[in-house]
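This report goes through a structure chain by chain and then looks at a few of its residues. Please keep the sequence and the 3D view open while reading.

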Amino acid sequence: MKNKKQVNRLNKFETFVSKNKVLLVLLGLAVLIIAPFVVPNDYFMRVLCVILMYCTFGFGLNILLGEMGLMSLGQAGFVGAGAFTTAVLLTTLKWNFIPATLCGALVAAILGLIIGLPTLRLHGSYLAIVTIGFGEIMRTIFLNWTSVTGGPRGIKSIPRPSLFGLEFNYANKGFYFLIVLTTILVGLFCAALHKSKYGRAFATIKQDELAATLMGIETTRYKVIGFMLSAAISGLMGGYYAMMQRYIDSNSFISDMSVMIVSCLVIGGAGTLRGPVLGAILLVSFPEIFRDLQDYRFVFYGLIMIIMMVVRPAGLLGWDSTLPYQLPRSLSERRMKSLKKVQEKGDTD
Amino acid sequence: MEMLNVKDLTIKFGGLVAVDHLNFNVKKGEIVSLIGPNGAGKTTVFNLLTGLYTPTEGSIVFEGKELSGMRSQDIVKLGIARTFQNIRVYTKLRVVENIMVGSHIHTDYNMLDAIFRTKRFYQQEKEKYEAAMAFLESMHFAEKADMYAGSLPYADMRRLEILRAMASNAKLLLLDEPAAGMNPQESEELVQFISKIAREDGYTILLIEHDMNVVMNVADRIYVLDYGKLIADGLPAEIKTNPKVIRAYLGGNQ
Amino acid sequence: MKKTLSILLVLVMAISLVACQPAQPAAPAASADAPAADAPAAAPAEAGASDTIKLAVVGPMTGQDAEYGLGFRQSAQIMADKWNANGGCLGKQVELVVFDDKGAPEEGANVAEQIVADESIVAVVGHFSSSLSMAAAPIYQEHGMLEISPCSSHADYTGIGDWIWRVSPLSADEARTVSKFVANYWGAKKVGQLVMNNDWGADIAELEAEFLKSINPDIEVVQELVVEGNDDYGPVVTNFMAAGVDTVICDATYTVAAPFAKQMRLANPEIRVVAHGNCQVEQLIEVLGDQSNNFYCSCSWSPIFSDEETKFYCEKYAEMDANDTTPIGDFVQYYDTVGLILQAITNCGSTDREAIRAELAKIEYQGLSGLLKFDENRDCPRDYGMVYWDQAQQTWIQNTEWNS
Amino acid sequence: MNSTFLLYIVDGVVLGLIYALVACGYSLIFSILRIVNFAHGSIYAFGALMTLFFINQGINPWLSVLITLILTGMLEMLMDKVCIEPLRKRNSPGVSTLIATEGYSYVVMNMLIILFGSGRNHFETFYDLGFTINIGSLPISSTKLVLLAISGGLMLLMTYIINKTHVGLAIRAVQQNTTSARLMGIKVNRIVLGTFFLAGATAAVSGALVAGYYQICYPTMGMVMGNKTLATALLGGLGAMHGGLLGGIIIGVLECIVAGTLGATYRDAVSFVVLIVILIFMPSGLFGKKDITKV
């Protein structure tokens, strides 16, 4: 089916990425740190911020789609909920940005619970369509709840984040590093979750939910946890989006944003943390680079989505990688130790 | 006192009575086998025992506790684990991870421990990993520990599924046609394996099986089901010569 | 075939990785191998003393409102050519740098960052819709870039800062004109308001309800909120018919007003329908077909004006425009805004932004759409007339007739 | 008051019919491939605009609908060849098919914007017979009746093809189990392509009918309609054509009632609120087959 040469070229790319994973992460961190000082103007800084945001949205969705195979096409609803909550807390109640964004994440998480519960028995396309519905319902709420979200007028002059009087904005690169810090924290959170019993439980739900139930795993509880975590991360970053944009109304959170988040994750490689990073870089910088393609820009955007999916359905750095089997370092050391111990026990008795 | 006691177990799907007033019991440490022609309702009995279906009538008592109506997850926590007719092993996870998933309900640390990598997290993970490795080691499975379960041969997958069921500290194992699709040499190994875990490790086993020589060599007692009704029970020797059983299987001329 | 595809793909990825991470310490932002010329913003920033006066013209050149973008660009170019024809401004040629904000708020902010980075740009003519202008204005204000919006009518737009000006039609002016027209000229008793649920629609509907009540307290007003995107106005028409409405004011763009008017006129042929400047577009006539007769619009300019500058503009526009659309009020706004800025630069004799801003405060510029004079909060109040269509021809009604 | 309520219901039924007609395309493709075709909204708009294009060339409206029907069918078959078949061959995860169809939807919609401009175009109702009949006090215009006739007829034709004809039997066989169908000698690829053609044809006809009914068509008309008809198809139970009809009418009537009473600004969310409420009680829609968990 797949012709040999083409497969191993992408394999090479994947092997290249995963072999010197540590090197790439360090290089990435270096780029992240020196980028703001080298970049000529705020425009590129802003593009980097948007890339980091979509990368975090990708991490959030990965918990649902990558880990548990639950398709959510309504992430823009969670982002919007977080953004509006933070905006209201910042503008009317004059809260500091840290409690405001955390509150935004909390509100989004509660919404995740509300949408999670009724849809637990749904699978695949049914769940995808219901989550689209959730996105549309949230957009209608943003448009019509005038007393809170400002309705059609939206919320304007949302202040930049500031701590003890020091304002984080593009000029002093504060805002950028704030987003970098949040993205890294979310990334570590997702990695920690993946390499624990929760990660394994999510994998069992993705592959065979019935067997998981008959092994005592509370699949319902984990799915709700997944929805809440994914919503919280989207809501948290939604707050930063509001502070970056400084003016939000209901048509900042339309379904195009949800499709963009899903595309970043799937084209990058669902089920991994490196996937959303690559997906975000590609899909955010693409429209900026081909800015003067005018009308044809979106046509190319569509074509890229099609070509990527046809060439590499599992995503460029996909989860079920076709890499030759390779022992992860952490497991191998423990195994050596335990084998040695067993041998000693064997010799003694 | 029996470990498992089933009285008048019945389930109807619309008009069809899949299991009709079934009575049987399993004592601790015993290997009991449930046999019968295809469609006799054997797997339905397993589904009833594990809470997948709720019985229309009758009761299932396990170590004094009534099971019918309980959620599958709670039943597993009580100590009943099962395998499946068509293998449901997690092919994309490693063998050792499959075992650790089996013991998931006994890994007690919460999400905060996982996120902040507390001592309790490392201690629990290490303990569970060591237990899984020791477990695999004792079953001569250790060298395959880090392979993806998907790349195991068929018989090994079968055994992995049984090992996973054992890993959830189950007292009663419900094995659903473990020898299906196995060549004689493999089923011979399976017989050794089952009798070893029953005799040495003290597991109680309820076995559904078609392969007669596996049943005859392994089972202490046998119940024979036909069209959801119990038509015979007793020692393997008796069952072998029982005319009703033969007719049920070979379809003699009533 | 697939092999070439993947090579192309990897190439695209490589370029995108390189181009978007301008962080190589060596190459400046305009890294050599970035394929398409990046936005001119990447040109090295030098003082405004270049040999041309650069104005940024921003609008939705692609996306849903692309049909307007082309008209803005051409109208601005006509004014620029007019100035360049007689010696340019302050002896320098006028150069228009066009930016596309795709009609999406996030893009609006992106483009604003690009413009602000180019010191050689003297002022910005732009952002068409309110949500984009609101998203971009804080960036211009932060960097002290003069922004004059031809069309955005968000109530608290100029409130963002003293660098933010606008020539756009003010909701208050249009609301007063339409209310007076409906109450005095038509003497309507029961008025229906079809309100498109965006910031412009909500504002103008509120103002109109107040004006109508102040002019004639026993006028009954029935409001129906609608959303763009679905063309079924059955329930709205039913509600208006049930309320026995004799006049309907459309606080909406033509994309909502046209299908509504068609369905409303099916139910009640003599219903009087009036809309605002943003419906004075050719597609309205095309969509309404024969039902466009006596469809009224408030506006400050119409292509049928007989004055000689309108003739010049319409003639130049016809020359330039490929798919021969007649120009609309919003195009003229861009035309006037460019003229206003160039006039202000000439008056104060320098391209220094502070000087231009000071000049704007006191300038009086006779544009096509009326006398432009900024009030204290940087808006341009104007009086409006009405126009109505008959056999696809516009007829102008001077506002003196009903303003008494 | 009750006459306005009746008017809402009449509008609602007509709207419901339109939704059911467009939802047909979703059900057809879902029933055979278990995937949701997210490009359906853009293809529906493509059908409307191409019909208008041919009418403007002076071709008789009915003939131009026929030509567009074939063109749109081919567009949908092209989509299958380009986006869905390569993924189906490698039985890749469902989500990549979703992204591929979403990408195709972007391509089609933006090509339409480039070719036809993003403005609204007038679309003359080619099926207005001019008379209006009154049932009781309710005026029902001829366009509504013709719309009722055509969409009802099309639905019946579809159900007839699926349930009664030989081709329909083959389609249902492929639905149940592609491999065994192939073993029975059914040319699965041809059946799948045929189903895509059928879905494209329904999209074209519904595009032309709806554009004619509202007398307006534009490249982005498929966006909101696409979402709502997705809810309709799911409400009726994806894969059940007749379910879509009932689902459509329920959503249409409720939407018009909410639009009339609460205000038309809430109407976009109604279809999905109804869907979520019903799915809580019937997880596979009104008529969807409830798949029992077999161990």
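A residue counts as buried when its relative accessible area is under 20%, as exposed when it is over 50%, and as partly exposed in between. The model shown here is predicted.

## Chain A as a whole

By the cut-off for buried residues, 64% of the 349 residues of chain A are buried. The secondary structure of this chain consists of 15 helices and two strands.

The accessible surface of chain A is about 12800 Å², and carbon and sulfur atoms supply 70% of that area. Contacts can also be sorted by distance along the sequence. Among contacts in chain A between residues at least 6 apart in sequence, 77% join residues at least 24 apart.

## Leu73 of chain A

Leu73(A) sits in the loop between helix H3 (42-68) and helix H4 (75-91) of chain A. Is Leu73(A) buried or exposed? Its relative accessibility is 8%, and because buried means under 20%, Leu73(A) counts as buried.

Which residues does Leu73(A) touch, not counting residues up to four places away in sequence? In chain A they are Ala128(A), Thr131(A), Ile132(A), Ser258(A) and Val262(A), and in chain D they are Phe38(D) and Leu98(D). Gly151(A) is 78 residues from Leu73(A) in sequence, and the C-alpha atoms of the two are 23 Å apart in space.

## Where Ile217 of chain A meets His104 of chain B

Ile217(A) is in the loop between helix H10 (209-213) and H11 of chain A. With a relative accessible area of 1%, Ile217(A) is buried. Leaving aside neighbours within four places in sequence, Ile217(A) is in contact with Ala201(A), Thr204(A), Ala212(A) and Tyr222(A), and also with Gln73(B), Val101(B) and His104(B). Thr149(A) is 68 residues from Ile217(A) along the chain, and their C-alpha atoms are separated by 40 Å.

His104(B) is in a loop as well, between helix H3 (95-102) and helix H4 (111-116) of chain B. The relative accessible area of His104(B) is 5%, so this residue is buried. Apart from neighbours within four places in sequence, His104(B) is in contact with Lys197(A), Ala201(A), Ile217(A) and Tyr222(A).

## Two arginines with positive phi

Arg246(A) has a positive phi, near 65°, and is a residue other than glycine. Its place is the loop between helix H11 (219-245) and helix H12 (255-268) of chain A. At 12% relative accessibility, Arg246(A) counts as buried.

Arg117(B) also has a positive phi, about 50°, although it is not a glycine. This arginine lies in the loop between H4 and helix H5 (119-138) of chain B. Is Arg117(B) buried or partly exposed? Its relative accessibility is 25%, so Arg117(B) counts as partly exposed.

Helix H11 of chain C runs over residues 329-348. At 1.5 Å a residue, its 20 residues should span 28 Å, and the end C-alpha atoms are 28 Å apart, which agrees. Because 16 of the 20 residues of H11(C) are buried, this helix is largely enclosed by the rest of the structure. Gly349(C) follows H11(C) and has a positive phi, near 70°.

Helix H7 of chain C covers residues 234-243 and is mostly covered, with seven of its ten residues buried. The buried residues in H7(C) are Gly234(C), Pro235(C), Val236(C), Val237(C), Thr238(C), Asn239(C) and Phe240(C). Just after H7(C) comes Gly244(C), with a positive phi of about 65°.

## Chain D as a whole

Chain D contains eleven helices and four strands. Its radius of gyration is 19 Å, close to the 19 Å that the globule rule gives for 295 residues, so chain D is as compact as a globular protein of that length. Along the principal axes, the C-alpha atoms of chain D fill a box of roughly 60 × 50 × 35 Å.

Of the 295 residues in chain D, 63% are buried. The accessible surface comes to about 11200 Å², and 70% of it belongs to carbon and sulfur atoms. Of the contacts in chain D with a separation of 6 or more, 75% are between residues 24 or more positions apart.

Notes: Residues are numbered from 1 along each chain as its sequence is written. Chains are lettered from A and ligands numbered from 1 in the order in which they are written. This is a predicted model: local features need pLDDT of at least 70, side-chain atom pairs count only at pLDDT 80 or more; totals for chains, interfaces and linings use all residues. Side-chain values use heavy atoms; hydrogens and water are left out. The expected span of a helix is 1.5 Å times one less than its number of residues. Buried means under 20% relative accessible area, exposed over 50%, partly exposed in between (1.4 Å probe, protein chains only). The radius of gyration is taken over C-alpha atoms; the globule rule is 2.2 Å times the number of residues to the power 0.38. Contact means heavy atoms within 4.5 Å. Accessible areas come from the Shrake-Rupley method with a 1.4 Å probe; for residues, only the protein chains shown count as cover.
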